[in-house]
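Dear colleague,

I am handing over the structure we spoke about, and below it you will find what was found in it. Please read the notes with the model open beside you.

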Amino acid sequence: MSRWALPWRGGGGVRQLLRAGTDGALDMLYPLLVLARGAARLASLARERWSRMPGEKRGPALFLAAACGLVLWLMPYGPALAAVSLVTAAAWYGRDRTGPAVHEVPGPAEDEDERLQAVYEALVPCFAMADDPHPEPMYAHDGGWERAFEDYEFCAEGRLCALLLRYPAHFRDGEPEERLRVERLLAAKSGRAREYRFAWDEEHNRLGMRALEPLPTGIGAQPFVTAPGETVLGFTDGDAVRRTVPVEVAELGAADMPPVVWRTGARSTEPHLLAMGTPGSGTSTLLRSVALQALRRGEVLVVDGDGGGEFACLAGRHGVLAVESSLPGAMASFEWVVRETERRLTAACRARQAGEQPPEEARRPLWLLVDRPAVLSHLARSEGRRDPQELLQVPLRHGRAAGVSVVIAEQFEGAEDLGQAVRAYTRARVVLGAVSREQARAVLGEVPQTGPVPQAPPGRGLARLGDGPVLRLQVPATPDPFDEGAGEAERRAVLALLPERVGVSGPVPG
Ligand SMILES: Nc1ncnc2c1ncn2[C@@H]1O[C@H](COP(=O)(O)OP(=O)(O)OP(=O)(O)O)[C@@H](O)[C@H]1O
């Protein structure tokens, strides 16, 4: 039977004759039908390419096509050659595709197509322009995602995990609010439970989105391989930093991991750090981690504003000058740090005048770690006393030259009470917890490229050192060794890093 045979019901001489005649005619016309189908497919392919082509590339493409046409026209046998090529292409594209010999670029499956269309439609209110003069705008309510999405990737579980889209030139991509709106929408449409990185290419009006793997949480406190003046704040994405350090990772063993290294000292451009977080996000743990690293080469003074006793493990250890949690103790500590900063500056100045190195005791790194200074300020206000944060101005302003580093941890609810000097001189910034991107921007000074962290584990956040990029951060698990709720192995690791005991912590040296 012919491949175009029509289903006939019943029989009869005339009918059979008619059937044979129709089948014969269809067989004769088959090559023409193939060519017509091929030509239609070629035309639709060309139309699709054209609609996906950015506006600025259309002119050169038209010019190229016209030049090729002219060359063919002038060539001997050129028009005939062009006609044969066209017929061959039409025959190839028009062939029956029900067989196995079809080599089409695989398009999205039906549900993927629906997802892409849903994302596209959600973006229309952000990117479409009222009364757009373009006959076929890139974003329109009756448009298809093919107009704007250049590339996409679906993960094994069928969710969108990467997308590259074009946006119209009139979109205000320089305004953080506009960007945030689009990013929030894309994250919501691609699955909220993940974290995404967004890359805005303002030059070419393109936005890339990629779902990120969660950062490893199994890195605990340990002696990190660092140079003097370097502190590992935590670990980040491999492509975000150029360096790795060897570490032991729980359930993985030895591995090289990319650290976020903060540099302090005389040449540092961000000698002081401010960590902001939501309650329980791990800011005290970050301070403990910094303290353990600082004690390897310097001295540490801890002021625990909320008096939670989370730094008691440091009291009386070699190199720990004091662990204070009361307001009078905090005031005395800050006053001592002011005097010590000034003494060190004077000693360094005298040594330089004499053409000598400043004495060792004036160069040894001194760390002032303050947890929840807003609580202290509140207490001081209620007692009618001077705000202790005012005293921080001297170490914050002059600490770099004197080898004094100040690390401050505060919760977002206490942000209003942070002193002007704290805001102005802490150029290394960390944000921990599931914070909105607006909150992160307020602390880091730049909108992070990654979306909000859904269900952030403790110690998870973002870091920015000076004017550098915003990095994802996972702080090493450094629990209070007296916290029985923490893991046994992690508590032991912290105990192992504590310096030897030198007796009960006494009053601040005067
Ligand atoms: N990086 C981390 N890895 C694993 N667990 C962590 C990490 N950071 C904090 N934790 C755990 O989370 C809990 C809260 O941590 P932490 O006390 O440091 O938070 P915080 O921000 O100081 O909050 P708060 O001031 O409300 O106590 C603790 O049980 C701690 O062990």
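**Helix contacts, ligand and annotations**

In helix α7, the residues V337, V338, T341, E342, R344, L345 and A348 meet V394, P395, H398, G399, A401 and A402 of helix α10, where two residues are in contact if their C-beta atoms, placed from the backbone, lie within 7 Å. The residues of this contact divide into eight nonpolar, three polar and two charged; here Ala, Val, Leu, Ile, Met, Phe, Trp, Tyr, Cys and Pro count as nonpolar, Asp, Glu, Lys and Arg as charged, and the others, Gly among them, as polar.

Before going on, please note that this is a predicted model, in which local features need pLDDT of at least 70 and side-chain atom pairs count only at pLDDT 80 or more, while totals for chains, interfaces and linings use all residues. Residues are numbered from 1 along each chain as its sequence is written.

Two packed helices are described by the angle between their axes and the distance between the axes. For α7 (residues 327-353) and α10 (residues 393-402), the axes come within 9 Å and cross at roughly 35°; axes are lines fitted to C-alpha atoms, for helices over the stretch in contact, and angles run from 0 to 180 degrees between N-to-C directions. Helices (H or I, at least four residues) and strands (E, at least two) are DSSP runs, numbered from the N terminus.

A second pair is formed by α4 (residues 110-127) and α5 (residues 176-190), which pack at an angle of about 160° with their axes 10 Å apart. That makes α4 roughly antiparallel to α5, a term used for angles over 145 degrees. On the α4 side, A118, V119, A122, L123 and C126 meet R181, V182, L185, L186 and K189 in α5, and the residues of this contact divide into eight nonpolar, no polar and two charged.

Turning to the ligand, 16 residues surround it, the closest being G282, S284, P458, G459 and A477, and a residue counts as near if its C-beta atom, placed from the backbone, lies within 6 Å. Helix α6 (residues 283-294) gives the largest share of this shell, three residues, and by class the shell has six nonpolar, nine polar and one charged residues.

Finally, an unreviewed UniProt entry places a "transmembrane region" at residues 61-94, although such annotations may be inferred rather than shown by experiment. Over residues 61-94 the chain is 91% helix and 0% strand, with the end C-alpha atoms 25 Å apart.

Best wishes

Technical notes: Angles under 35 degrees count as roughly parallel, over 145 as roughly antiparallel, 65 to 115 as roughly perpendicular and the rest as oblique.
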